[in-house]
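I opened this notebook to keep track of what I looked up, entry by entry.

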Protein chains: 2
Amino acid sequence: MAGVSTATVSRALRGLPTVSAATRRRVLAAAEQLQYAVSPSASRLAGGRTGAIAVVVPRITRWFFGVVVEAVEDFLHQCGYDLLLHNLGGREQNRQRLLHPANLHKRVDGVMLVATPLRPADLTALTTLDLPGVTVSSGTGVPGWPCVRIDDVAAARIATRHLLDLGHRRIAHISGDPDDELAFTAHLDRRRGYQEALRAAGLWPDPTLDVESGFDIAGGTRATEELLRRGDPPTAIFAACDEMAMGALTALRDAGLRVPQDVSLIGIDDHALSGVLGLSTIAQPAAEQGRLAAEMLIDPLRGRTRASDCGADELPVILPTRLVVRDSTAPPRAN
Amino acid sequence: MAGVSTATVSRALRGLPTVSAATRRRVLAAAEQLQYAVSPSASRLAGGRTGAIAVVVPRITRWFFGVVVEAVEDFLHQCGYDLLLHNLGGREQNRQRLLHPANLHKRVDGVMLVATPLRPADLTALTTLDLPGVTVSSGTGVPGWPCVRIDDVAAARIATRHLLDLGHRRIAHISGDPDDELAFTAHLDRRRGYQEALRAAGLWPDPTLDVESGFDIAGGTRATEELLRRGDPPTAIFAACDEMAMGALTALRDAGLRVPQDVSLIGIDDHALSGVLGLSTIAQPAAEQGRLAAEMLIDPLRGRTRASDCGADELPVILPTRLVVRDSTAPPRAN
DNA sequence: CTGAAAGCGCTTACAG
DNA sequence: CTGAAAGCGCTTACAG
């Protein structure tokens with residue numbers, strides 16, 4: 001030791017204000033010299049906080065989730081929190097395991113659920129756990145948890161409207177996420193926006209132009225192949241996300257259809273590669289959603305009252321999207 | 001309680017063999033009924049193991065690292081380990097913080113370093129920490145840690161050879177990673193392979209055809225723009241990774257050059273979107289590298305002796321790569 | 001501003 | 001196969 005009790009060492013190392021400057025200096029010096037590092041398990045046990053946050057994503061390899069996690073990781077580590085990553089990987093079993101109270105209880109100080117579908121049973125489990133949390137891009141909110149997201153219905157409406165404005169009338173939609181056995185809300189909302197835009201233009205959504213598949217590249221390819229198999233191809237396709245649009249690109253090329261001359265194509269995201277591919281899209285701020293959600297989760301934990309605590313803030317925070325027109329959308333060919 | 005001591009509960013819950021079946025049944029039933037979950041901090045403190053692994057990647061948003069992390073996460077959770085994610089994000093400061101003994105000591109049972117550059121000082125720090133670890137895709141190994149990787153020199157040689165075989169002679173190379181202030185070995189090895197292939201064909205590597213930039217999409221664009229600015233464009237480009245190749249695609253298109261008619265292009269990775277883009281590449285098994293590394297890290301922790309412990313296994317495990325020819329490479333135009 | 005004491009909730013030898 | 005006891009290494013009221 002450097003002449004003080006362990007209690008004082010503990011206080012000095014954590015920077016509590018109730019330590020004299022001289023003492024703190026001595027403690028820090030001794031710690032430095034002894035290469036002393038506190039045992040996280042011990043301080044967690046004694047202190048009651050774990051200093052860790054669980055972050056749950058469907059698939060870390062998809063653009064949106066990678067960007068969200070990157071932003072969250074950065075903020076969390078800046079605040080001194082560890083990030084426990086959970087990748088659902090499309091397995092219902094993983095979701096179960098993770099959401100089981102034993103895996104969250106006393107293990108983390110908070111939870112971030114990104115686009116994670118929740119059943120009523122999961123909701124009550126989470127609620128009785130009484131753990132702080134936040135959801136991102138999630139339809140079913142958790143009572144008492146803030147939520148950050150975009151307006152998926154509006155984004156889809158704008159994408160579809162863009163195609164309508166160009167003069168398209170036969171507009172297909174590809175979407176769906178069999179990765180989740182449960183309803184994944186983003187794609188349901190996006191379909192709704194698509195249908196609303198069509199109806200607003202006096203069109204009737206045609207079920208044969210609406211194909212479900214995986215919410216990723218391969219899914220986009222499969223959905224588009226199915227679409228083309230149905231005959232009488234659409235003049236435009238609205239894909240529920242950019243990765244599906246990219247998959248569509250392959251299928252269209254293989255079918256000998258050119259984009260945008262034969263078929264226009266638009267997605268949602270503004271994926272890092274959408275520019276390279278010249279893909280028109282609705283850009284959504286992924287990093288900002290992650291960062292903001294992390295902040296809303298952490299701030300209260302650090303004792304900072306968020307303004308929202310003063311009132312009812314069951315309202316989700318909606319971040320803006322933006323139409324980005326590139327080379328994949330054009331007026332339909334005059335027949 | 002269900003009639004037994006806490007010691008027995010502990011043993012029953014962990015499935016130790018020294019508990020009678022009847023007792024175990026009673027304990028499990030009681031735990032179930034009480035919604036009892038052990039406190040991880042307490043068992044860590046008492047037991048000395050944390051049940052967590054730190055995984056360090058340069059950028060989770062890049063294809064390779066996302067796929068590696070996904071595979072690692074899956075394996076780790078199957079083994080009951082938590083995964084603490086560290087994303088360096090190109091900040092030297094993050095590397096420092098993470099590698100500081102205090103942030104690893106007693107916090108995790110093991111470390112996986114993916115493509116993380118290490119200075120001599122870092123090496124000694126890690127060695128004195130005496131923590132089990134494994135490196136993936138890393139040039140500078142850590143003494144005593146296994147390493148999983150591909151042969152970057154060979155991969156680059158094969159890519160370059162493919163271009164040479166097609167008849168190209170003016171073959172450029174784009175590479176580099178300013179994200180890392182330290183030498184990031186993969187790109188150095190890949191340059192070496194490129195140069196070796198040229199020399200083996202009797203060609204002299206031309207420095208004006210070798211441009212460094214970021215190891216990502218934007219870097220590929222910048223490097224290619226710089227290349228074209230130098231005049232007398234090459235007939236082929238070997239990009240150090242697919243993401244750089246994708247960036248190159250944009251620059252070439254903007255310059256009015258067609259791929260492969262005017263310029264052939266090949267990368268390394270077999271990125272999820274390389275197929276969509278018709279990009280020729282050298283495929284590397286990313287998930288397998290992650291999974292295998294996780295296994296090599298975890299198996300000894302669970303008391304399983306790996307065969308390699310019996311001998312000196314300072315040799316890295318090299319996984320195979322494979323040339324994938326798509327539409328971005330073709331013979332040069334006859335002038 | 002600092003110290004003594006209790007306690008966080010487990011696991012681990014040690015007996016039996 | 002099971003229990004009593006000690007201890008893991010901190011933090012937290014409680015005094016002073």
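I took contact to mean heavy atoms within 4.5 Å. With that rule I found 41 residues of chain A in contact with 41 residues of chain B.

Before going on I noted that this is a predicted model, in which local features need pLDDT of at least 70 and side-chain atom pairs count only at pLDDT 80 or more, while totals for chains, interfaces and linings use all residues. Residues are numbered from 1 along each chain as its sequence is written, chains are lettered from A and ligands numbered from 1 in the order in which they are written, and side-chain values use heavy atoms, with hydrogens and water left out.

**Entry: the interface**

I looked up the buried area (the accessible area, with a 1.4 Å probe, that two parts lose on being put together, summed over both), and for chain A and chain B it comes to about 3900 Å², with 58% of it on carbon and sulfur atoms. Of the area that chain A buries against chain B, A:Glu70, A:Leu85 and A:Val276 supply 15%, more than any other three residues.

I then searched for salt bridges (a side-chain nitrogen of Lys or Arg within 4 Å of a carboxyl oxygen of Asp or Glu), and the rule finds six across this interface. A:Arg91 forms a salt bridge with B:Asp74, where the closest N and O atoms are 3.2 Å apart.

**Entry: a helix with a buried side**

Next I read helix H6 (120-129) of chain A, helices being DSSP runs of H or I with at least four residues and strands runs of E with at least two, numbered from the N terminus. I called a residue buried under 20% relative accessible area, exposed over 50% and partly exposed in between (1.4 Å probe, protein chains only).

Which residues of H6(A) are buried? They are A:Asp122, A:Leu123, A:Ala125, A:Leu126 and A:Leu129. Because they cover an arc of only 165° around the axis, they lie on the same side of H6(A), the arc being that of the directions from the helix axis to the C-beta atoms. The face turned away from the buried side carries the exposed residues A:Pro120 and A:Thr128. Among what covers the buried residues of H6(A) are helix H5 (92-99) and strand E3 (110-114) of chain A. Just after H6(A), I noted that A:Asp130 takes a positive phi of about 60°.

**Entry: a serine in a loop**

I found A:Ser138 in the loop between strand E4 (133-136) and strand E5 (147-150) of chain A. A:Ser138 counts as buried because its relative accessibility is 3%. Leaving aside neighbours within four places in sequence, A:Ser138 is in contact with A:Thr116, A:Cys147, A:Arg149 and A:Thr185.
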